[in-house]
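Open your viewer and get ready to click along.

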Amino acid sequence: MNGDRGPLPAIAERASVMADAFEPLFWYITFWTAAGFLLVCALLAWCCVAYRRKPGQISTPRILGSHRLELFWTVTPLLIFLTFYVWGVYVYDKAVHPPADAPEVFVIGKQWMWKAQYPNGQRVIIGGNPKNMTEEDRQNIGALVLPLNRPVKVTFISEDVIHDFGVPAFRQKIDVIPGRYVSTWYQPTKLGEFHVFCDQYCGAWHSLMVGKITVVPADEFDKFLEGKGGLQGSPNPVDGSLAHRGWQHFQRLQCQSCHMPNAGAGTKVHPRAPSLEGVFGRQVPLRGGGTVTADEQYIRDSIVNPRKHVVEGWEPIMPGNYGSQVTEDELAEVVAYIKWLRPGTQLAPNDRAVPPDGAPRVTPPPPVSTGGKQ
Amino acid sequence: MSIVVADTPRTAPPPPEPVAPARNYLNETSGFWSWLLTVDHKRIGILYLVSITLFFVVGGIAAGLVRTNLLTPNGAILTEDQYNKAFTAHGVVMLFLFLIPSIPAVFGNFLVPIMIGAKDLAFPKLNLASWYVFMIGAAFMVWGLLSGGIDTGWTLYPPYSSRYSHASVTPGVFGVFITGFSSIMTGLNIMVTVHKMRAPGMTWGRLPLFIWAMYATSFIQLLGTPVVAITLVLLMVERVAGVGIFDPAIGGDPVLYQHLFWFYSHPAVYIMIVPGMGVVSEVLTCFSRKNIFGYKAVAWSSVGIAVVGFLVWAHHMFVAGISYYSALLFSFLTMLVAVPSAIKVFNWVATLYRGSITFQAPMMYTLAFLVLFTVGGVTGLFLATMGTDIHLHDTYFVVAHFHFVMVGGMVLAYLAGIHFWWPKMTGRMYSDFWSRTSATVIFVGFFLTFVPQFILGYHGMPRRYPNYPEEFQVYNVLSTAGASILGVGYLMPAVYLTLSLFFGPKAQANPWSATGLEWQVPSPPTVFNFEYLPVTVCGPYEYAIGVDQLGRGLPEPPGSGDDNPAAKVGPTLLPGPLPKETEVVG
Amino acid sequence: MSASTHGHHAVLKHHFDNLEQQHSAERLGMWFFLVTEVLFFSGMFVAYTVYRHWFPAEFQFASSHLILWIAGVNTALLITSSLTITLAIRSAQLGQRAALIRWLLLTFALGAGFMGFKALEYATDVHEKLVPGRMFQEEYASAVAELAPVDPAAAGTFQFKGGQQHWAQDLARRNNHLVPGSDGYVSPERVQIFLCFYWIMTGIHGIHIIAGLGCILWLVQQAYAGKIPKENYSTVEVVSLYWHLVDMIWLFLMPLLYLAGAGLHASGH
Ligand code: HEA
Ligand code: HEA
Ligand code: CUA
Ligand SMILES: [Cu+2]
């Protein structure tokens, strides 16, 4: 990890199978080119010393050349160069052909940030210039999380200009082009945090379009994909908590088809119900006058007996039969989740950056594109 | 191993009297307009020399800004936007206003006619026009740089350059477009001149290698430049009219731009080295008093580079979304194009073998070229190898690679040329001590500047980054320190060469005792170069026999300088029967 | 010949040894220049070919709305002008000054005629808003809006502007009720790409014609002033080389731009 800011090591940090494929080739080329270079230097130095002008000496032999020698130093470098080529093809081939069964992560580049979306629909901002993000994006800044020793295919597209997703520790790099999908793959071999750079010049904050990749043990990653884990940078409740289980019931019961994040501000979909973000503890205005404090009891009532308090400005359309669909335990978990929901933490239906056709997308919106059991 | 001996020329008459004519191309006419309206290829060469020196200073100042800013991880002096404009200005000015016209326009103009025994280039007015076109193009670029700057990088990739940048891209691109025509005009002129204007006896096989190099360069200019010109037109239309063919928003393809751009710009990098290789062949033979080793190989490898150089452009795009198979092909062809350069390097080294070497400034610069170009060239192989380019692409490794070939290669060859032909162009000699010192300082400063960049690149530091992770700082500071030394090294010739104009001793017609036709005319030459019809009788590098291309003997070569005054006592020339014997190598 | 001509002809430039050398240098220079020109256009041809391969339907559609008859007439004009300039060379070779001037003027007239028709064509295109960019988009949008209330079943009875099938309406009707990207959908964006090619290629070609016309006028003036003696006919030849090239390029442009849509029966012109 370069995070410790020490001096650069002689061999750059390696953290993927591609890095392991790169290094021998790199040093192989270094060996031959250094040998060639030193040979040239040595010959030059020798000639300059041995054949410097001696006093009184001007005449030199009239040497015009030698086809045999020339042939020799045409063919020898060519053969050496061709070994670079062949080995280079082998490594490149590996780099551009992801294993067929790898799970796919989708990454969108735009000026000047990276956004990732996992197969379970979870989104995270991998990095970029915070000055130029929305409030919501800023809260989602995290890292691209990848499993240790497991291949992951990554498909990229750009929303505007050409970017490039480079991960030095993985020795991988790929131009991210607008209007076109490109894919590569990573198989990390080391836990830790690694730099992501935008390597293609893309405007003012090109140099701030940097981010992080976090490599975690594979089982942690699996749990996360199943919707059980909360990973760093994700807005989901922490794995195993009441709220986390409540979140899963919330998905299963399709509450989010009416209760969308933040009352649909800026979305094209018209919300049918008030947003539940930050409702807990608030004074809720009721139809027909009066307010009530949204405590646990109020929330429980609103679920099992929605007609009891109708929120001002909304139609009483919420189904009344949820009480029969959940146990009391589960109800407590749902309430815990709603208590947990703060502004900006409920995942949005995907209307802002809808991945184009063919993008990895497990759950289409609506319902809200978070994982969990269907 | 036996070697080939060419048909030997007859005898060597004594060298011509060193006449310093009262009238020469510099003082024949005078006044402002006599320069601005001149059609004399030598004066036009000087016009170019003055202009590009100016642009080199501009580009150098931009480089200074870039390097100073990189002293700290978050930008020492510039905002991100200013930095982007600084490196773009640096790249654009250095390439289009300095390096591309450097040797071709300065020495190509000045020397090609004289070297082949002609009175002028084939189209003198076109030649003058090329300078004006160049200056007009430069004016547009400067306008672009002053009116808000250009922030796209010299590669101008759309859709950033066409749809997103708010900077003054259009005038800048228009300027590049226009200077392209100047380059075409020069190339065309030189090609026709070499074909049609050679003096009697100056067969293709007797052309100095500098001419071969210029011929190959002109070929590239002629075939490559129009393609980039039209590409830039398409780009400007997209930018100005808001619709075009590269914009993916309407179904266009930004990668197509890259194909068209590199179709020119890869060959263009050979415009930026092949002329330098020509200079090296001239200087190396002269200061080792040897025939070039393998004339044909060196000549044809220039042509080979020019031709194959057109087939490798997509090696800039291995990670840009080209197809797997085209990547395979282009990588392979790039390996092939590297071979002629290797041939040249080894032939040059072999030329030194059993020579009688002295180390005046042109030679010092040339030796530095050999070392630095080899580093630059072999690091190109890391980039040509697909597996390694994936990681190294668009990192400082690439930056270091191209500075080694362009600055360590071409700029040093250009300086070698300046030092070699300065007496011819100005009629004055410069300080021997200071010129050797500057070569040494530049060599050391150069290594210190760009070697750390290889390390940075290998560790993944991206190019065009004003902000970088802290662990990269040490090497950036080293590089900036090196750049300061380099800057001092460049400043020195500026000073002693200028001083030489006023205080330098008068130069002989042939101060280096060289064989080319340009040395058989006075220093500085007269307006029409030759007072007689020069009849070439032998190849260009008969140092061993001691005859110039007219078959006359050579004057005493300058000794080995300060360190070996005893050398001066040697015989003047080698009269008598020429060796017919075959020399044996190795 | 070299020695004798040296004295009495001002046409020999100081830096050439003889006229023969001078002429062959001029000719070679022009040939090299033509090579440059070919590469200049080739960039566009390559790009055009790529896009046509990708977007055949749109290219066909857009091409079918160009004015074919003007292109036809213009082709005839240019081919004829190539003949007349060749006759001009012959006259120059024979030293027939009057005939030379006549042929040159005729060539000029044909070239000018080409530009005249071109101007007419451009004017019509602009009038029809067949210009990529805002003009195009607004025209298309209004055609779509006009079409919207019409029941697809009644599309046949739809009244087009001026009774003609204007491109925007043609396009709107084709795309009516089609999802972008589906079969048969003609993407207006890609139509604009074709139009970009059309304007840039014909525009640059037009600039070349104008440059050629300038050269021909200059020749006329030279001939008039008696500066094109027999021995110096190569000046005419050099200009004619250029003119032929411009002509040739048109012969490529014409099918690429105007005949690409030949299969599509749509044009109202
Ligand atoms: C003068 C200019 C110049 C020259 C001569 C070269 C020469 C070469 N270049 Fe370079 N190149 C540039 C200027 C130049 N380049 C520039 C400006 C860029 C960056 C553009 C940008 O993106 O801004 C670039 C980028 C660049 C790339 C793209 C990198 C990337 O962006 O990912 C590649 C990839 O193949 C490449 C390869 C080569 C090769 C193989 C050569 C070869 O021709 C080199 C051949 C020479 C030798 C090989 C040395 C001599 C050999 C020997 C002495 C033998 C030694 C013996 C053994 C090893 C056995 N160059
Ligand atoms: C001819 C070509 C040429 C030359 C000579 C140079 C010369 C130098 N270059 Fe340049 N460089 C390029 C061509 C060239 N470069 C190109 C094409 C790019 C890519 C641009 C892009 O990405 O678009 C680039 C990019 C580039 C970068 C990368 C920027 C980035 O990606 O973020 C850096 C960083 O160190 C750099 C440094 C230098 C240095 C230190 C020199 C030194 O050699 C310069 C030393 C010179 C001086 C220091 C000035 C000399 C002094 C005088 C003449 C005296 C007068 C001066 C004063 C009074 C102050 N260059
Ligand atoms: Cu995104 Cu650079
Ligand atoms: Cu290249």
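Start by selecting chain B and chain C: in this predicted model, the two bury about 2,900 Å² between them, with 79% of that on carbon and sulfur atoms. Now show the residues in contact, and you will have 37 from chain B and 35 from chain C.

Coloring by class shows 29 nonpolar, 4 polar and 4 charged residues on the side of chain B that touches chain C.

How many salt bridges cross the interface of chain B and chain C? The count is 0. Polar contacts, however, link 4 residue pairs between chain B and chain C, counting pairs with both residues at pLDDT 80 or more.

For the second stop, select ligand 2. Around it are 33 residues, and the closest are B:Arg67, B:Tyr83, B:His90, B:His403 and B:Arg464. Zoom in on B:His90, where a polar side-chain atom lies 2.7 Å from a nitrogen atom of ligand 2.

Finally, color the helices of chain B that give two or more residues to the shell around ligand 2: H2 (41–69), H3 (80–115), H14 (396–426), H15 (432–458) and H16 (473–503). By class, this shell has 22 nonpolar, 8 polar and 3 charged residues.

Definitions and conventions
Residues numbered from 1 in each chain as written. Chains lettered and ligands numbered in written order. Predicted model: local features only at pLDDT ≥ 70, side-chain atom pairs only at ≥ 80, totals over all residues. Heavy atoms only, no water. Contact = heavy atoms within 4.5 Å. Buried area = accessible area lost by both parts, 1.4 Å probe. Salt bridge = Lys/Arg side-chain N within 4 Å of Asp/Glu carboxyl O. Polar contact = N/O pair within 3.5 Å; in protein donor to acceptor, adjacent residues only side chain to side chain. Nonpolar A, V, L, I, M, F, W, Y, C, P; charged D, E, K, R; others polar. Near = heavy atom within 4 Å. Helix = DSSP H or I, 4+ residues; strand = E, 2+ residues; numbered from the N terminus.
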